[in-house]
Amino acid sequence: MKRKPILCAGRLYCDLVFADAPRMPTLGTEVFAPGLSMHAGGGAFITGAKLAALGHRVWQFSILPVAPFDAMVMADMAKHDVVSAACCPALAGTDPQITVAIGMAGDRAFLTRADGPALPDPTSIKFADFSHLHVGELSTLQEMPELLAMAFDVGLTVSLDCSWQDAYDKSVAELIAAVDVFLPNEREAAALAAIGVPETCAPLTVIKSGTQGARARARDDNTWTRSAATSVEVLDATGAGDAFNAGFLSGWLDHAPLAECLSKGNESGAAAVQVIGGAGRLEQPVSA
């Protein structure tokens, strides 16, 4: 029987990606980057685009950036086979949701404007029409915690990326503990641990370590399962962690062994950094 689509919920941005910057900007100076491109962005979309490339049906659940960026973002979603029917226009007077991504030396930094609500009214969709909910950032789940009850009430599994915050509230531990899979990176996991949120707060925690690969551990296990990353040329690290999410979840949703899920995540992340823009197509799509 055909599997129901995956619903990816989170903030949706227009990404302005400056590639190969010689250095990061500093006050009073100007930096000239040799490359600039514009893409739909945000963790939920990038994970969704990669899941679609891996053969899954995917819907995006987000507020669109304001015009004229909405048209470009919609076109990008269509190009990546992500259904935008559950997305809604931005509220009047909302600032453009823009992320400036500056990449250099295999890493990147972001400057982002997030304005207005992240998501439309959740009663506008039927959660029963989907098989899994992926939330692109912890802040979105903090903004709309009722997503969990609505998903669990109809039997959906839920995954959650962390995404960086300069300050996390200790109360997020309750949200993290409720999801099925939590996918922070090393820096985010360390920041949460510093305020008392344990690494194994969720039933399954997957920690992304960039060039060092990734590790995963169920709450009741005593040891971590680890997978090394493949060394590749990095053109743009934007969205690498979100791409990892897609590879990992593609295996996890098919009940693959944990080590295989990690390997798929690393493969997806490695493919992502070899193209410009977070949602660049996987070079070698893998059947789901």
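Here come some ground rules, then the exercises.

This is a predicted model, where local features need pLDDT of at least 70 and side-chain atom pairs count only at pLDDT 80 or more, while totals for chains, interfaces and linings use all residues. Residues are numbered from 1 along each chain as its sequence is written, and side-chain values use heavy atoms, with hydrogens and water left out.

**Exercise 1. Find the salt-bridge partner of Arg3 and say which parts of the chain the pair links.**

Step 1: Look for a salt bridge, meaning a side-chain nitrogen of Lys or Arg within 4 Å of a carboxyl oxygen of Asp or Glu. The structure holds 9 of them. Arg3 meets Asp254, at 2.4 Å from N to O.

Step 2: Arg3 sits in the segment before β1 (6-9), and Asp254 in the loop between α7 (240-253) and α8 (258-272), so to speak distant parts of the chain, 251 residues apart.

Step 3: Check accessibility, where buried means under 20% relative accessible area, exposed over 50%, and partly exposed in between (1.4 Å probe, protein chains only). Asp254 is partly exposed at 33%, and Arg3 is partly exposed at 35%.

Step 4: His255 lies in the loop between α7 and α8, has a positive phi near 65° despite not being a glycine, and is exposed with a relative accessible area of 72%.

**Exercise 2. Which residues does the salt-bridge network around Asp95 link?**

Step 1: Start with the pair Asp95 and Arg113, whose closest N and O atoms are 3.0 Å apart. Asp95 is in the loop between β5 (82-83) and β6 (98-104) and Arg113 in strand β7 (residues 107-113), so the bridge ties together parts 18 residues apart in sequence.

Step 2: Asp95, Arg113 and Asp115 are linked in a network of salt bridges.

Step 3: Check accessibility again. Asp95 counts as partly exposed at 33%, and Arg113 does too, at 38%.

**Exercise 3. Which residues of α2 are buried, and what do they pack against?**

Step 1: Pick out the buried ones: Val73, Asp76 and Met77.

Step 2: List the packing partners, contact being heavy atoms within 4.5 Å. The buried residues of α2 pack against β2 (13-19), β3 (35-41), α1 (43-53), β4 (58-61) and β5.

Step 3: Zoom in on Asp76, which is buried at 7% relative accessibility. Leaving aside neighbours within four places in sequence, Asp76 is in contact with His39, Ala40 and Phe45. Asp76 also makes a salt bridge to Lys79, at 3.4 Å from N to O. Both lie in α2 (residues 69-79), 3 residues apart, about one turn of the helix. An α-helix has 3.6 residues a turn, so residues three or four places apart point the same way.

Step 4: Look at the flanks. α2 is followed by Asp81, with a positive phi near 60°.

**Exercise 4. What is the strand order of the open sheet of 9 strands, and which strands stand at its edges?**

Step 1: Trace the pairing, which needs at least two DSSP bridges between two strands. The order is β5-β4-β1-β8-β9-β10-β11-β12-β13, with mixed pairing.

Step 2: Find the edges. β5 and β13 (225-227) each have a single partner strand, so one side of each is left without a neighbour in the sheet.

Step 3: Inspect the β5 end. β4 and β5 pair in the parallel sense over 2 bridges, and Trp59 stands opposite Val83 in β5.

Note on methods:
Helix = DSSP H or I, 4+ residues; strand = E, 2+ residues; numbered from the N terminus.
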